[in-house]
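Q: Could you walk me through this protein chain, starting with the overall picture and then going into the parts?

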Amino acid sequence: MTAAGLDSSLQSVLGVKHAKAIERAFGYRTVEELLLHMPRRYSKRGELTPLTSLPLGEHVTIVARILDVQKRTMAARRGSILSVRVTDGNGFLSLTFFNQPWREKDLIAGRSGQFAGKVTEYRGQFQLQNPDYELFDSGAEVAAAGGDIQALRDAAALAYSKRPVPVYPATGALPSWAIAKHIAHVLQEIQEIRDPLADSLLQRIGIVNLDTALRGVHQPETESDYRAAQHSLKFREAFALQLAFGVLAQRAKAHAATPRPLNEHGLLQRFDRALPYALTGDQLAAGETFAAELNRAYPMARLLQGEVGSGKTVVALRAMLQVADSDGQTALLAPTEVLAGQHFRSVCELLGPEPTAELKPVLLTGSLSTKERKQTLLKIVSGESKIVIGTHALISDATQFFDLGLVVVDEQHRFGVEQRDALRRKGRTWPHLLAMTATPIPRTVALTAFGELEITTLRELPAGRIGIDSHAVQVRQQPQLVARVWQRALEEIANGRQVYVVCPAIDVETGGGSAANPDAAAPKARAGVAQIAASLRLRDDFQRVTVGELTGQLSADAKEAVMQDFAAGAIDVLVATTVIEVGVNVPNATMMIVLEADRFGVSQLHQLRGRVGRGAHAGLCLFLTEAEPGTPGWERVAAVANTGDGFELAEFDLEQRREGDILGNAQSGGKSRLRLLRVLNDAEIIYAARELVDALLQQDPTLEKHPQLRDMVAADLNNAAQLDKT
């Protein structure tokens, strides 16, 4: 045994050549990184990889048995060809080796192994040229079988069935079996792996120690070995994540915050009395929670999530007013200028003229002129403005507050922890935090993405919301309905209402901008804002209809002008990209037509739909798509058309997509770090880890009694901070 440990470099253990190959393939440099390269599956007892459906042109790793071997001299040039025919019991494949006669010693009829290479075609037959391989049984065992084919097959099956064979995510240059060999060498050289979890904790959880887990997942003797190893590693992953979140929450509590008590005769009470509608039960409950936590001497840290149209803005504004009653300021951070502008207008509209004049809300974005920016910054630093709404300009060093008491972060997943805290550091004391997300999130996702925040959920919709009627239209199978879609839009306009038309691209002719495409292999979008708007203006039946365009490529002033015109009713049909996805509130807009709807994700479609039906009239949303029934694109569109429950759709989305795609950069600004955990399948593990962390930190908030855990968390948070800066 050498002194190698998890933090040792791969070069020191494997040598420069192999270490460089691994780094080129996966970016790994340390022993720990390589050992966390998990098998994607195991070849089970009796299982052989099907040879009847190999993908031409791709690198594969197969498990097969050698049927026969032939050697012949090449006719056109000097040298020899060794042709090896293998089978998995159903299909056949040729392995061709050029000028490698010595391989006859290994490649003997009856032997089984893993063979890795690129699938090519020669004279109508699939083959692997010069494949890498690893044989399971020895030549001596084959010779001992006396040439009996059945005995050979039985011997090969017996040798193969003794141990599960890990199959790793691999590359053409680094096949699965080569990765397994490197990992085996590392495990042989490394000393026993120190476990950051105490033995008492391991017994309490019921998992094997880290050394056993890493060896068991890579070199299992039985299926139960790798199952126990996987369970241990999954729990550790969940535990490490929840512990990091728990420590962040504890650190936040260690900060001193200025209590913002509820004033029974202040701005908040005046606002509530002036509201033209009653708050929902969920809104009232959220308000009570926020009122109590804003009055604490340590900062509130909340995530507010809710159904589309559930009234998150009103709930957030009520918290802002409680802070303003104590002469404190609120900063609302939005990811885009369009959304920041929408929030600014919504806040002013909700407040009304008199409170707006008293609180003097301001909008701070990068597009302000120098003069406007100086005036706005002066209002902020002097404390004259109690509500400050803006984009990343809020984080700028030039932006200083008089008394920042509350930070509201909208679309929380668009910002990392470091960005959020950079804004919080602008307070005299640590400000309270209210993060918001417009996308309903399953609890397991929330725990793995925003675990340091307490979660408040709004499920109820305000009274009077009539609802939205949604339909999916398969344009190839139902061409007659396409004409009806546009006729229906004209009927809405004739009744004095307005229509959105959403396109997946800005300009398909110039290639300018497109929406995120869930199906990467899908062809180029055909519906661009520029083309659709132009075609509508040319239609005889649309000659009296005013058509506007809104895309992310417009300047901030141009976007603002278009939205103001649409809100004022000067535009009948607004053709737009997903720039209208969140924050846009035009109650008179009652209909939405989404073109090539299969190009959008589930949450995008749900958010887009939420832009209609916000007034006194029912909403109508029509999703047009050429996606065939049974395809993922059609299933996404149909799921949204069939239900308006955002939480149900979030679960569906989670089933269709990998967790990393859903979590995005929520985890401290970086991509998902989940290796084995699957938030849908491993919910119980995540909940159990959270409970254990809560109990542990309640007894030992600073982890003084658990120094190894403290070091583990410090390293984890440091890595997360580095990701956040990238």
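**Surface and overall make-up**

A: The accessible surface of the chain comes to about 32,700 Å², and 50% of that belongs to carbon and sulfur atoms. Please keep in mind that this is a predicted model.

Q: Okay, and how many helices and strands does the chain have?
A: The chain has 26 helices and 23 strands. Of its 726 residues, 52% are buried, and among contacts between residues at least 6 apart in sequence, 72% join residues at least 24 apart.

Q: Let's go to the sheets, then. What is the order of the strands in the open sheet of seven?
A: The order is S11-S12-S10-S13-S14-S9-S15, and the pairing is parallel. Strand S11 (362-364) and strand S15 (454-458) stand at the edges with a single partner strand each, so one side of each is left without a neighbour in the sheet. From one strand to the next, the twist averages 20°.

Q: How do strands pair in general?
A: Strands of a sheet pair through backbone hydrogen bonds, and the pairing is either parallel or antiparallel.

Q: Can you zoom in on S14, and is it buried or exposed?
A: Strand S14 covers residues 432-437, and six of the six are buried, so the strand is largely enclosed by the rest of the structure. Both of its faces are covered, with His432, Leu434 and Met436 buried on one side and Leu433, Ala435 and Thr437 buried on the other.

Q: Why do the residues on each side skip every other number?
A: In a regular strand the side chains alternate between the two faces of the sheet.

Q: And which strands pair with S14?
A: Strand S9 (residues 301-306) is joined to S14 by five bridges, and the two run parallel; there, Ala301 has Leu433 as its bridge partner. Strand S13 (residues 404-409) also pairs with S14 in the parallel sense, over four bridges, and in that pairing Val408 stands opposite Leu434.

Q: Which helices lie on this sheet? Start with the pairing of S10 and S12, please.
A: Strand S10 (residues 329-333) and strand S12 (residues 387-390) pair in the parallel sense over four bridges, and Ala331 has Val388 in S12 as its bridge partner. Helix H13 packs on the sheet, touching S10, S11, S12 and S14, and its direction makes about 150° with that of S12. Helix H15 (residues 370-381) lies across S10, S11 and S12, and runs at about 120° to S11.

Q: What span should H13 have, going by its number of residues?
A: At 1.5 Å a residue, the 15 residues of helix H13 (residues 337-351) should span 21 Å, and the end C-alpha atoms are 21 Å apart, which agrees.

Q: What happens at the ends of H13?
A: Thr336 caps the N-terminal end, where one of its side-chain oxygens lies 3.1 Å from the backbone nitrogen of Leu339. After the helix comes Gly352, whose phi is positive, near 90°. Along the helix itself, the buried residues include Val338, Leu339, Ala340, Val347 and Leu351.

Q: Changing topic, what about the open sheet of six strands?
A: Its order is S16-S23-S22-S17-S21-S20, with parallel pairing. Strand S16 (468-474) and S20 are the edge strands, each pairing on one side only. The twist averages 20° from one strand to the next.

Q: Where does H19 lie, and which of its residues are buried?
A: H19 lies across S17, S20 and S21, and runs at about 175° to S20. The buried residues of helix H19 (residues 529-538) are Val529, Gln531, Ile532, Ala533 and Leu536. Among the elements that cover them are helix H18 (479-494), strand S17 (498-502) and strand S20 (547-550).

Q: Last one: which strands pair with S5?
A: Strand S2 (residues 59-73) pairs with strand S5 (residues 112-122) in the antiparallel sense over seven bridges, and Arg65 has Ser112 as its bridge partner. Four bridges join S5 to strand S7 (residues 132-135), again antiparallel, and four bridges join S5 to strand S6 (residues 125-129), which also run antiparallel.

Terms used
Residues are numbered from 1 along each chain as its sequence is written. This is a predicted model: local features need pLDDT of at least 70, side-chain atom pairs count only at pLDDT 80 or more; totals for chains, interfaces and linings use all residues. Side-chain values use heavy atoms; hydrogens and water are left out. Buried means under 20% relative accessible area, exposed over 50%, partly exposed in between (1.4 Å probe, protein chains only). Contact means heavy atoms within 4.5 Å. Two strands pair if DSSP finds at least two bridges between them. The expected span of a helix is 1.5 Å times one less than its number of residues. A polar contact is a pair of N or O atoms within 3.5 Å; within protein, one must be able to donate a hydrogen and the other to accept it, and residues adjacent in sequence count only if both atoms are side-chain atoms. Axes are lines fitted to C-alpha atoms, for helices over the stretch in contact, and angles run from 0 to 180 degrees between N-to-C directions. Accessible areas come from the Shrake-Rupley method with a 1.4 Å probe; for residues, only the protein chains shown count as cover.
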